[in-house]
Structure formats: C-alpha cells, structure tokens
Amino acid sequence: MKILVADDHPLFRDALELSVRQAWPDAEIGCIGSLLELPAAPASASADGSPAMLFRYDLIVLDWRMPGAEGSNPIAVLRQAGVQGPVAVVTGAEDALTALEVLRCGAEAFLPKTTPRRVLAQALRLVAEGGSFVPKCVALDLLHMTDLSLDIDEAEEADGAPLEGEGAPSSPLTDREQQVLSMLATGATNKEIGRHLSLQEVTVKLHTRRILRKLGARNRTDAVRRAQQAGLLSRSLDEASS
C-alpha cells in the first residue's frame, strides 16, 4: 500500500498521516507540504503529451489549497507531474460550491477537515477500494443546485423588476464570491473569470447566481451597482489583487 499525504499545515498533515497509518499500519506513506515537492518527472513526454514517468499511489490525501497549484487546480498539477491514484480531498472548506469544483476536477472524495476521525478513516478506506464519498449535508446542498447549466449571461438579458432590498447583502459574501464580484465589475465573461480564478465555468455561474440572490439584484449590472452602494466593491478588488 503506497499513500501520499499533501497538506501545507504541518499539524494537520501530521494528524492525517496518523489517521492513515492507523488504518494501514504497513503502508508506505509519503508526506509533502507543497506541490513543488513532488518528484520531478523527466522532461520528455509521450506522443500524447502525458508524462514519461508515472508515480502510482493507492491513495492520495490532498488539501485543496496547496502551494504550487497557483493558477491551476491541485489535481491537474499532480497529473502533470505523473502522480496517479485516487484522490480524497480534505479541506477547510465545507460549502457545496467548493465540493462541486473538487469533484469536477476529478477527486473521488470531498472531506471537510471537521470530519470526525473515524468517519475520515472509513471514507479514505472506501476511496482506496475504488469508491467515492461526499458528506450527506454537502450532497443535499448539491442536489438543491438545480439547473446547473443556467446561463447567467442570457438570464440577465431578460426583463424583470429588481428584487427587493438595497444596501447590505442578505448574508455575507464568501471570499470566492468577493473575487467573482470584483471581476463582474470589470465586465469579465464567465470564461475569463474561470480562467483567472481556476474555476469551472459552471462554478462561476453558480457563484454569480448566489451573488445576485444575496444582493437582491436582477442581473450583473444591478449587482455591481448594489455592491458599490453597500461599499463591497473596493473590498472585492482588494481580495482579487491579493
């Protein structure tokens, strides 16, 4: 059994290694704190562009926000380095949008860091055996995200009265929503926002929809106007530039 644990927080990385070692006492476990620490594959590649050398693991336990993955998603960085194996993402995020992003990028499991140790061990074992895992509460949130292919760009062309409520949003915007809002203010398209923030286009649309709902806006332009009135836009621009 060969396992890779990747997390940039030393204490949590040690805790993950302990959990993995308890589940597989005889496993060969490698730990890294940055994707820059991945083994360097030879520069040559096969005809289809895939790495010439592969590093195969029975399980990869991965933090989602990792150094070395700037401008890309961590799983893509792993694959480009020739690292193969089922991926269980263990992250500080608990929202369904992050879960959607993680699963669309190819992970077999989405596990918040608040997951109890016993459940975590069972989920990791399931992934190692070829299964997948998402917490029930996150799965229910994903089910509620109906009509994921809604095109916000087309929706904002429709006529309609503004929603009630001016000023502060009905609930605080998340950091990711702040980043998307700042790019909406520049007139960026969904594809441009996704490329800049390393997000799937459908995820950008979902973030945009949530921003509209929180601000009580009928379209992007109205959302930017309301954000300016609420003093949110300068804060968003700071988030995007950091």
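Predicted model: local features only at pLDDT ≥ 70, side-chain atom pairs only at ≥ 80, totals over all residues.
## The nonpolar core

Start with the inside. The largest nonpolar core has 25 residues. Leu35, Leu38, Leu62, Leu78 and Val83 touch the most other members of this core. Five elements each supply at least two of its residues: β1 (2-6), β4 (59-62), α2 (74-80), β6 (87-91) and α3 (96-104). Helix α2 gives the most, with three residues.

There is a general pattern behind such a grouping. In soluble globular proteins, nonpolar side chains tend to be buried together.

## Salt bridges across the chain

Charged side chains come next. Side chains of opposite charge can pair when their charged atoms come close. The structure holds eight salt bridges.

One of them joins Asp63 and Lys113, with N and O 3.7 Å apart. This pair links distant parts of the chain, as the two residues are 50 residues apart. Asp63 sits in the loop between β4 and α2. Lys113 sits in the loop between β7 (109-112) and α4 (117-128). Their surroundings can be compared by accessible area. Asp63 has a relative accessible area of 4%, so it is buried. Lys113 has 23%, so it is partly exposed. The pair also belongs to a network of salt bridges that links Asp7, Asp63 and Lys113.

In α10 (residues 220-229), Asp222 and Arg225 lie three residues apart, about one turn of the helix. Their side chains meet in a salt bridge of 2.6 Å, N to O. Asp222 also forms a salt bridge with Arg226, where the closest N and O atoms are 3.1 Å apart. Asp222 and Arg226 are four residues apart in α10, again about one turn of the helix.

Arg225 is partly exposed, with a relative accessible area of 32%.

Arg220 is another residue of helix α10. Its relative accessible area is 8%, so Arg220 is buried. The C-alpha atoms of Arg220 and Ala185 are separated by 8.2 Å, while the two residues are 35 residues apart along the chain.

## The two sides of helix α8

Which residues of helix α8 (residues 190-197) are buried? They are Asn190, Ile193, Gly194 and Leu197. These four cover an arc of only 100 degrees around the axis, so they fall on the same side of α8. Lys191 and Arg195 are on the other side of the helix, and they are exposed.

## The loop after α8

Just after α8 comes Ser198, with a positive phi of about 60 degrees. Ser198 takes this value although it is not a glycine. The residue lies in the loop between α8 and α9 (201-215). At 21% relative accessibility, Ser198 counts as partly exposed.

Gln200 is in the loop between α8 and α9 as well. Gln200 is partly exposed, with a relative accessible area of 35%. How far apart are Gln200 and Cys105 in sequence and in space? They are 95 residues apart in sequence, and their C-alpha atoms are 8.5 Å apart in space.

## The second largest pocket

Now turn to open space. The second largest pocket holds about 290 Å³. Its lining has 18 residues. The closest to its centre are Arg65, Asp95, Thr98, Asp175 and Arg176.

The largest share comes from α7, with four residues. By type, the lining divides into three nonpolar, seven polar and eight charged residues.

Asp222 takes part in a salt bridge with Arg225 and in another with Arg226.

Conventions: Residues numbered from 1 in each chain as written. Heavy atoms only, no water. 1 Å grid on protein atoms, 1.4 Å probe; cavity = no way out; pocket = protein on both sides within 12 Å on 5 of 7 lines; lining within 4 Å. Points joined across faces, edges and corners; volume = space filled by probe spheres on them. Nonpolar A, V, L, I, M, F, W, Y, C, P; charged D, E, K, R; others polar. Salt bridge = Lys/Arg side-chain N within 4 Å of Asp/Glu carboxyl O. Buried < 20%, exposed > 50% of the residue type's maximum accessible area, 1.4 Å probe, protein only. Arc of directions from axis to C-beta. Core = buried A, V, L, I, M, F, W, Y, C linked by side-chain atoms within 4.5 Å.
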